[in-house]
Amino acid sequence: MPDCSRVASLLEKYVDEALSQDETAFVKGHLKGCRRCQKELEELFAIREHLREAVAAEVADCPLAGIWEGVAERLEAPTAMKRIWWWGKTLVFPVRPIKALAWGAALVVLFLVTLPLLTAPPTPRVVVESVESEHPVMIFQGEGETTIVWLFEKEEGKEGKR
Amino acid sequence: MEERELIERVQRGEKDAFRDLMAPYQRKIYSLLYGMVWNREDALELTQEVFVKAYRSIKGFRMASSFYTWLYRIAVNLALDFRRQRVANPEIQKEVDPPGSGGPDSSLLRKELNEQINRTLAQLPPQQRAVLLFREIEGLTYKEIAKVMGCRLGTVMSRLHYAREGMRQALAPYLKGGD
């Protein structure tokens, strides 16, 4: 039918009741005599019906009663900002001065104990200047802190290589 | 008690009034979110999150728009965020059953159809899915959907059309004879 393409463009709005009165009357009139457009319309309603049934079936046994408990529990829990504020307040304005003093003293002691460890001078490098030995000796001073001392056995008939 | 009065009480900090305020929306929000994420635990978790967020930001609600539009906007934004996180963490599995074997039994057929709807919804772009659910499940008008989604009427109609087209193709075997 010549009006089918125009009706097809209006069908969704028809289903959604978003057409003007004139448009609605036009679509209704066309549908009476057009099986193809009727089928299109039935499909749109069927999709809606199937969707509603599918969601309703899944939602039917939803434990809605538990939703409020969950919400209330979360509302009681402090938010991240509140937690930061609490820590800031606790640290800056301690409620118990004695406890704060004790913590302060502990921190000072800890600082004093660890300070020498942190500022201790590095171990001086050992320099081998001479080795007393009957054997020939070779000293190798590495680039790092390693010094290697070789002792060679004397070869018969010789006083030693080096 | 009127909704407006309940809102004002909640804005003054009366937590109990919030329970009455959210009561009519629990099932609606849960249904919407279930349709969006198709997983009971996630939908429940998100529903609670919607109400917690609503409570914490209700002081900024100025009654200029309707409460449900405002609430739905929170819900759809959370659902879209959730979807984005899921895309970023694909190892988190969805509660999607494998295709059923079908059969003459109507409950089996119904189950199979629900699974097919489930899969089709999951494949739709989230914005299209949200529009489809707002229209078909919640019965919102185009204008209301546009407000909730923060888009134009034309966009709503276009998304709805493509979502319906996707459903129509996926459900074709079940739509024969207009059933």
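Of the 179 residues in chain B of this predicted model, 31% count as buried. Among contacts in chain B with a separation of 6 or more, 60% join residues 24 or more positions apart.

Now for the core. In soluble globular proteins, nonpolar side chains tend to be buried together. Here the largest nonpolar core has 55 residues, and those touching the most other members are Leu33(B), Val37(B), Ala75(B), Ala79(B) and Val131(B). Leu33(B) itself, leaving aside neighbours within four places in sequence, is in contact with Ala43(B), Leu46(B), Thr47(B), Ala75(B) and Ala79(B).

Then there is the contact between the two chains, to which chain B gives 32 residues and chain A gives 26 residues. On the chain B side, the elements that supply two or more residues are α2 (15–22), α3 (26–37), α4 (40–57), α6 (106–123), α7 (126–136), α9 (153–170) and α10 (172–175). Of these, α4(B) gives the most, with seven residues. Sorted by class, the chain B side comes out at 15 nonpolar, eight polar and nine charged residues.

Over in chain A, helix α2 (residues 21–33) makes a handy check on geometry. At 1.5 Å a residue, its 13 residues should span 18 Å, and the end C-alpha atoms are 19 Å apart, which agrees. The number of buried residues among the 13 of α2(A) is one, so this helix lies largely in the open.

Technical notes. Residues are numbered from 1 along each chain as its sequence is written. Chains are lettered from A and ligands numbered from 1 in the order in which they are written. This is a predicted model: local features need pLDDT of at least 70, side-chain atom pairs count only at pLDDT 80 or more; totals for chains, interfaces and linings use all residues. Helices (H or I, at least four residues) and strands (E, at least two) are DSSP runs, numbered from the N terminus. The expected span of a helix is 1.5 Å times one less than its number of residues. A residue is buried if 20 or more other C-beta atoms lie within 10 Å of its own, exposed if 12 or fewer, and partly exposed in between; C-beta atoms are placed from the backbone. A nonpolar core is a set of buried Ala, Val, Leu, Ile, Met, Phe, Trp, Tyr and Cys residues joined through C-beta atoms within 7 Å. Two residues are in contact if their C-beta atoms, placed from the backbone, lie within 7 Å. Ala, Val, Leu, Ile, Met, Phe, Trp, Tyr, Cys and Pro count as nonpolar, Asp, Glu, Lys and Arg as charged, and the others, Gly among them, as polar.
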